[in-house]
Amino acid sequence: MAEGYRIMVLEEGREFTCKHEQDVLAAAIAQGVRSVKRGCRGGGCGLCKVQVVEGSYELGKSSVAVLPEDERQRGFVLACKTTPKSDLVIRLTKDS
C-alpha cells in the first residue's frame with residue numbers, strides 16, 4: 001500500500017502527499033504549501049475551503065454556516081476536515 005495520496009492544486013500544478021488518515025490541511029502545512037489558507041483548523045471559520053475536482057474523500061464535521069449543503073454537493077470541502085480516500089485534484093476558492 002502506498003504511503004499516502006497525491007493532492008494536486010489545480011491552479012499551481014503543484015502536488016503534495018497526504019498520509020493515510022491525515023487531513024488535507026495538515027499535509028499542506030507539513031509540506032510548506034501556503035496556497036491552502038488556514039484558520040481555526042476546527043471546521044468553523046471556512047478559510048481552508050477548497051473544491052475537490054477529482055477523487056474521493058471523507059468529510060468530517062464542519063459548520064453548515066461556512067460549508068452549506070449546496071456547496072458540499074458541488075465538491076466544496078474544508079481542507080482541515082477532509083481525509084482523502086484516493087488521489088485528489090483540488091481547486092482553490094476565490095477566498096483562498
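Q: What radius of gyration would a compact globule with 96 residues have, and what does the protein chain have?
A: The radius of gyration is taken over C-alpha atoms, and the globule rule is 2.2 Å times the number of residues to the power 0.38. For 96 residues a compact globule would come near 12 Å, and the protein chain has 12 Å, which agrees. Its C-alpha atoms fill a box of roughly 35 × 25 × 20 Å along the principal axes. Do keep in mind that this is a predicted model, where local features need pLDDT of at least 70 and side-chain atom pairs count only at pLDDT 80 or more, while totals for chains, interfaces and linings use all residues. Residues are numbered from 1 along each chain as its sequence is written, and side-chain values use heavy atoms, with hydrogens and water left out.

Q: How many helices and strands does the protein chain have, and in which order do the elements run?
A: Helices (H or I, at least four residues) and strands (E, at least two) are DSSP runs, numbered from the N terminus. Here there are 2 helices and 7 strands, in the order β-β-α-β-β-α-β-β-β from the N terminus on.

Q: What percentage of the residues count as buried?
A: Buried means under 20% relative accessible area, exposed over 50%, and partly exposed in between (1.4 Å probe, protein chains only). Of the 96 residues of the protein chain, 42% are buried.

Q: Among contacts between residues at least 6 apart in sequence, what percentage join residues at least 24 apart?
A: A contact means heavy atoms within 4.5 Å. In the protein chain, that share is 54%.

Q: How many salt bridges does the structure hold?
A: A salt bridge is a side-chain nitrogen of Lys or Arg within 4 Å of a carboxyl oxygen of Asp or Glu. The structure holds 5 of them. One of these pairs Arg74 with Asp70, the closest N and O atoms being 4.0 Å apart. Arg74 is partly exposed, at 47% relative accessible area, and Asp70 is partly exposed at 47%. Elsewhere, shared partners join Arg6, Glu15 and Asp87 into one salt-bridge network.

Q: Where do Arg6 and Asp87 lie, and what does the pair tie together?
A: Their side chains meet in a salt bridge with an N to O distance of 3.1 Å. Arg6 lies in strand E1 (residues 4–9) and Asp87 in the loop between strand E6 (82–84) and strand E7 (88–92), so the pair ties together parts that are 81 residues apart in sequence. Arg6 also meets Glu15 in a salt bridge, at 4.0 Å from N to O.
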